[in-house]
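Subject: Structure handover

Hello,

Here is the structure we talked about.

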Amino acid sequence: MKKIPRIFKDMKYRYKLTLLLVVSSIVPVILLAGYNHRHMGRVLEESELEDMTSILEQAKDSIDSQVEVYSNLINYLTYSPDIEELIEDTGLDTYAAYERYTQVIDPLLTVPKSYHPAIRQIQLYADSIEVRHAYTLIPLAEFYLEWWSALLEDSVQVQWLVNREKGELAAIRRIERNHELQAILCITLDYDEIFQPVKNVVTNQTGAVVTDSQQQLLFFGSSAENGVEESGDTLTRILEKQDDRYACVSTVGREVDWNYYLYMPQDVIASAISQMLVGEMILIFVCMVLVVVLGALSSKLITRDVEQLTRNMEQVNHGSRVVTVNSDSKDEIGVLIRTFRNMMDEINRLIHEVYENRISRKELELKALTAQINPHFLYNSLSVINWMAIRSKQMEISRVTLALSRFYRTALSKGQDLVTVESCIENIEAYLQIQLVMHDNDFRVEWDVDEQVKGEILPKLIVQPIVENALEHGLDEKEEGEKILHLSFRAEKDGIRIRVEDNGPGMEQETAERLVSYQAKGYGLKNVNDRLRLVYGEECNLKIFSELGKGTRVEMYIPGKQKQQEGQQVCDTE
């Protein structure tokens, strides 16, 4: 030790200066590195917590976005006029109920699944539903069989219930009238799809937990490295932030009262700090090398060396790791609801517009066809033919001519769209008189007319196409036995029940039902059905009943004068 001062004294000044510079430089570097290490350790820990908070917030926002979408969907369905009408209307018969279910309610409850893959099914439980229809419409009494029935609270707000074992998440809303439960609307969602944003934040170093407002566990995700069990005391201490071995951040959902937690072992943060320390040691070593080199040069250029050392010390750069997760899923769902809604609305508008245009076009075609016929010229021509037939003593020709004149007189009806039942019967009689002559009287016509309905009104030419269809596709196809055409006009339920029945070869019932939707070349049954619906409402339809070998029966119901004046749609759907 006594030789050290001597050696130092004997050293060249250049080395002395170099040594002094090295010592005077290294000591501040070590102190600065120590202070920086401590400060950066705190910064890194705070940064990790901020990153965890940011990640958890984004996962929570993603779930909140989904919850908002499905809450809006269930609210939209709850106040849908079609759903409200179904819930309120308890007097529908089986056929009408099935028709409404398949044509209105089924599309309303199944179409959202096409745009939301998380939806497993949408179900409506209602008192008005007597028989389960597929998986969408269920009697209210059966909702107690569902797993969520015991968890359902007495509230009309949207309730979110989770079944981890089934992997399902249900959004449920009670529908009450006068404080009495009338229906329940339930959207069953895929558990994994809804909690996927939280699953995505679970790594080898982090774990995530979601609980409800009662601290019941809804989701648990953890890696084997964390060593945290789902139901262990450690997890409870972590969530209560009482375990110093783990760093935990939390947040609360915006749309539904769920608690979100993200935790990480402190060892992970300590490991990151240790890695930073290794980097700092390497940096210190490099600095020492630089100080030695610079110290050697500073013997000649002290000032320059000091300035260079200062610049190098100022060039020490420390950064922090930032994990940025860009998730524009929120903007994306908003744009999809707005775009389905706008798109469904647009589809519904186009369907309605096309349907009305087609019906209107058919009406215009019928009016144009009627307008092409000059009644006076036609009647005068038929009168001349009749006079010539009488003059030539051709009485059969005279009868056909008179029948044809009567047919066109009742068909044209002076341009009126509505005629009396009596005029309609007269038109059909004239038509059948001509057909009997054309068919050599090979069929028989039976009439069943209630006298009290003759003064009622109905659209002209609404029955004649059905009679023509019965002759052409019914009796003309019959090869053996007597051919009978039965026509009935009877009073029923403040209206008229009209039946046209033939004993032809008949057809399968499924084939018969398709006739009202088949566009024939002429003025067929579809046109008659479309006119009925246009004049009396959507629920007024032709009904066709047929059986192979037994014939075909076509029925329609026309409201009476009083009901037509009241503007009520009274077409029964039995």
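**Aromatic pairs and the core**

Phenylalanine 195 is buried, and tryptophan 258 is buried too. Keep in mind that this is a predicted model.

How do the rings of these two residues sit against each other, stacked or edge-to-face? Their centres are 5.7 Å apart and their planes meet at 25°. Stacking needs planes under 30 degrees apart, so phenylalanine 195 and tryptophan 258 count as stacked.

The pair also spans the sequence. Phenylalanine 195 is in the loop between helix 6 (191–194) and helix 7 (196–200). Tryptophan 258 is in the loop between strand 8 (246–252) and strand 9 (259–265). The pair therefore ties together parts that are 63 residues apart in sequence.

A second pair is edge-to-face: tyrosine 246 with tyrosine 263, 6.0 Å centre to centre and 80° between the planes. Tyrosine 246 belongs to strand 8 and tyrosine 263 to strand 9. They are 17 residues apart, and the pair links distant parts of the chain. Both tyrosine 246 and tyrosine 263 are buried.

The count of aromatic pairs comes to 8. One aromatic cluster is formed by Trp160, Tyr191, Phe195, Phe219 and Trp258.

Some of these names come back in the largest nonpolar core, which has 53 residues. Tyr70, Leu124, Trp160, Phe195, Val198 and Trp258 touch the most other members there. Helix 2 (residues 13–78) gives this core its largest share, 10 residues.

What does tryptophan 258 touch, leaving out residues up to four places away in sequence? The list includes Ile63, Trp160, Val162, Leu169 and Phe195. Val210, Thr211, Asp212 and Leu218 are also among its contacts.

Another core lies apart from the largest one. This other core has 38 residues, among them Phe407, Ile425, Leu432 and Val463.

**Salt bridges**

How many salt bridges does a search of the whole structure find? It finds 26.

- Arginine 497 with glutamate 555: the closest N and O atoms are 3.7 Å apart. Arginine 497 lies in strand 14 (residues 495–502) and glutamate 555 in strand 16 (residues 551–559). The bridge therefore ties together parts that are 58 residues apart in sequence. Arginine 497 has a relative accessibility of 4%, so it counts as buried. Glutamate 555 is buried as well, at 8%.
- Glutamate 510 with arginine 514: the N to O distance is 3.6 Å. Both residues lie in helix 16 (residues 509–514), 4 residues apart, about one turn of the helix. Glutamate 510 is exposed at 57% relative accessible area, whereas arginine 514 is partly exposed at 46%.
- Arginine 254 with glutamate 255: the closest N and O atoms are 3.3 Å apart. Arginine 254 is partly exposed, at 42% relative accessible area. Glutamate 255 is partly exposed too, at 36%.

Arg254 and Glu255 also belong to a network of salt bridges.

**The open sheet**

Strands 14 and 16, which hold the arginine 497 to glutamate 555 bridge, are part of an open sheet of 5 strands. The order is 11-13-14-16-15, and the pairing is mixed.

Which strands are at the edges? They are strand 11 (443–449) and strand 15 (543–547), each pairing on one side only. On average, neighbouring strands are turned by 10° against each other, direction ignored.

Strand 15 pairs with strand 16 in the antiparallel sense, over 5 bridges. Within strand 16, arginine 553 stands opposite phenylalanine 545.

Two helices lie across this sheet's strands. Helix 14 (residues 421–438) lies across strand 11, strand 13 (483–491) and strand 14. Helix 14 runs at about 170° to strand 11. Helix 17 (residues 525–536) lies across strand 15 and strand 16, at about 20° to strand 16.

Best wishes

Key
Residues are numbered from 1 along each chain as its sequence is written. This is a predicted model: local features need pLDDT of at least 70, side-chain atom pairs count only at pLDDT 80 or more; totals for chains, interfaces and linings use all residues. Side-chain values use heavy atoms; hydrogens and water are left out. Rings of Phe, Tyr and Trp (its six-membered ring) pair if their centres lie within 6.5 Å; planes under 30 degrees apart count as stacked, over 60 as edge-to-face and the rest as tilted. Buried means under 20% relative accessible area, exposed over 50%, partly exposed in between (1.4 Å probe, protein chains only). A salt bridge is a side-chain nitrogen of Lys or Arg within 4 Å of a carboxyl oxygen of Asp or Glu. Two strands pair if DSSP finds at least two bridges between them. Axes are lines fitted to C-alpha atoms, for helices over the stretch in contact, and angles run from 0 to 180 degrees between N-to-C directions. Contact means heavy atoms within 4.5 Å. A nonpolar core is a set of buried Ala, Val, Leu, Ile, Met, Phe, Trp, Tyr and Cys residues joined through side-chain atoms within 4.5 Å.
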